[in-house]
Amino acid sequence: MSEPSKQNLSEKLFAPRQTSKETSNIVKIAHVRSGDVNNAFDGESQLGWYRVLRRPQWIWQGVDPIEQEAVLARIAASTAPRTTEHLLDTVIGYRSGNWTYEWSQVASSYQQLARTAVINGDKLAASELLFKASTHYSIAAYPYIKGDQLADQAELQANQSYREAIELRPHDMRKIDVKYENKTFEAFIHLPRTDKLLPTVIVSGGLATLQSDLWRLYKDYLGPAGYAMVTLDMPSVGHSDRWNLTEDTSRLHQALLQQIRDVPWVDNRNVAMVGLRMGGNAAIRLGFMEPTRLKTCVSIGGAINSFLTQPKLLDKMPRMYLDVLASRMGKNGQAEASIKSHLPAWSLKNQGILGRRRVDIPMLGISLKNDPICPEMDNQLIALSSYGGKAITLPEKPIYDGYHRVMTEVVSWLDDKMQ
C-alpha cells in the first residue's frame, strides 16, 4: 500500500465521531452483577474501569510499561462525557479520553516511525515498529464487542500493520483461506523456513484475543524451536466473526485441519494444537474429533468444565466478560441468567468428551496455581482422558513471568511428542 493511501485509510477510519456507540453500552445485559479477576492470563479488575486491564499480557506483547500507564492516565483524566460516570474507560465518541482513541494515537505514532525506518532502509526496525503498532491497535479494539464501530476500525488497522510487519521480515507468513459453511475465514501460517516440511502447531487464543496478538509465541518460542505456527481466531472473533460461538468450539479448527493437508511446507503427519482459555477448550475437543490427524493437544488455562458448570465461579466474572460472552453468542440485551444458562453445554465433560473414555493421543493441561477459569481438577481430567496425558500446575507468581514459564513447558512437551 502506498504512503498516501495508508494515510487516507487512517484518516477515513478514524475521522472524529461523536455518535459512535461506546463499548460498554452495546451489549446491555439485564440484571448483571460484576465480579473481579486478578491473574496473569486475564489481567486485573480495577475499581472504576469497565475493561479488565491486561497489564502483564500487554507488556509481554511489547507495550512499554511507562507508556501504558500514560495512556491509562489520559483516559482516567478525561473530562469528556462518559456512558457511566464512575467507569473511566467509557468516554463517548472518538476523542481525547476515549479508549480506542488513546491507544490508536500511540499505534499511529509507531506506524509513522516505521515509515521513516523503511525510508532509511532499516526493514527489521520498521517491522518491529509495525508489530508495536499492531499490538496497540489491537488493544484499542479490546475487548472486540460486535457492533463496536471504532473497535472494528482499530482491528482493521491492527491486521494491516501485522501483515506489513511480516512482509518486512526474513520469516515468511502466508494466508490460508479456509472454507466452512459456504463462507471463508482467514488463518495465517508463520514459517521459520521453507526448504523442508515442518512440524506444525495450530494456535488459538481466548474470546478476547486476535491472531495478531500471538506473534510473540512464534517469535520467541515456536519459531526458534523449528515449528510452523498456524493461527486462527475463535468463532465470533476477528476473521472468524461470521460464526457465533456454540458448544462446538472446534468446528473452524477442524475445517482448517482438514485443509492444511494441501498446504506446502506443512508436515501433515506431524500437527498439534495449542489453545489458551476458550482456545484450550477447542484444542482438547479437536483432539477427540480428529485423533488420527493430531500428534498432541495442549490446553493453557482452558475453560474445560468447572468454570462453565459451577455458578459460584461464574458469579465472579467481571461484567466485561459477560458482555464478551453475550456478544460471542449473539445474545445482546438478554438477562445474565439466560446467558449463563448456555455455558454448561460448552463443558467437555457434559458433552461426554472428557471423563468417559481415553483418546489415543497425549494431551497436556497446563495452568497457573489458583487459576479461576481452569482449576487443577480440570487439567487432571484432561490428563486422565488421554493416553500419555499430563497435568501441570505452575506457580502463579511472579505474575509477569507467567507466560514465559508456561510456554517453556509447552515447547518442551511439543519437542517430546513431535520432534
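Reader: Which residue caps the N-terminal end of H3?

Author: Asp-64 does, with a side-chain oxygen that lies 3.0 Å from the backbone nitrogen of Ile-66. A polar contact here is a pair of N or O atoms within 3.5 Å; within protein, one must be able to donate a hydrogen and the other to accept it, and residues adjacent in sequence count only if both atoms are side-chain atoms. Please keep in mind that this is a predicted model, in which local features need pLDDT of at least 70 and side-chain atom pairs count only at pLDDT 80 or more, while totals for chains, interfaces and linings use all residues. Residues are numbered from 1 along each chain as its sequence is written, and side-chain values use heavy atoms, with hydrogens and water left out.

Reader: Ok, and how far apart are the end C-alpha atoms of helix H3?

Author: They are 18 Å apart, which agrees with the 18 Å that the 13 residues of helix H3 (residues 65–77) should span at 1.5 Å a residue. The expected span is 1.5 Å times one less than the number of residues, and helices (H or I, at least four residues) and strands (E, at least two) are DSSP runs numbered from the N terminus.

Reader: Which residues of H3 are buried?

Author: Gln-68, Val-71, Leu-72 and Ile-75 are the buried ones, where buried means under 20% relative accessible area, exposed over 50%, and partly exposed in between (1.4 Å probe, protein chains only). Seen down the axis of H3, these residues fall within an arc of 95°, so they line one face of the helix; the arc is that of the directions from the helix axis to the C-beta atoms.

Reader: Why do residues three or four places apart point the same way?

Author: An α-helix has 3.6 residues a turn, so residues with that spacing point the same way.

Reader: What do the buried residues of H3 pack against, then?

Author: They pack against helix H2 (55–60) and helix H4 (99–119), with contact meaning heavy atoms within 4.5 Å. On the face turned away from the buried side, H3 carries the exposed residues Ile-66 and Ala-77.

Reader: Switching to loops: where does Asp-89 lie, and is it buried or exposed?

Author: Asp-89 lies in the loop between H3 and H4, and because its relative accessibility is 1%, Asp-89 counts as buried.

Reader: Which backbone nitrogens does the Asp-89 side chain reach?

Author: The side chain of Asp-89 reaches the backbone nitrogen of Tyr-50 at 2.7 Å and that of Arg-51 at 2.9 Å. Among the residues that Asp-89 touches, not counting those up to four places away in sequence, is Ile-75, which is also one of the buried residues of H3.

Reader: And what about Gln-61, where is that found?

Author: Gln-61 is found in the loop between H2 and H3, and at 15% relative accessibility Gln-61 counts as buried. The side chain of Gln-61 makes a polar contact with the side chain of Asp-213 at 3.5 Å.

Reader: What does Asp-122 do, and where is its place?

Author: Asp-122 has its place in the loop between H4 and helix H5 (123–141), and a polar atom of the Asp-122 side chain lies 3.2 Å from the backbone nitrogen of Ala-125. At 39% relative accessibility, Asp-122 counts as partly exposed.

Reader: Last one: how many helices and strands does the protein chain have?

Author: The secondary structure of the protein chain comes to 15 helices and 10 strands, and buried residues make up 58% of its 419 residues.
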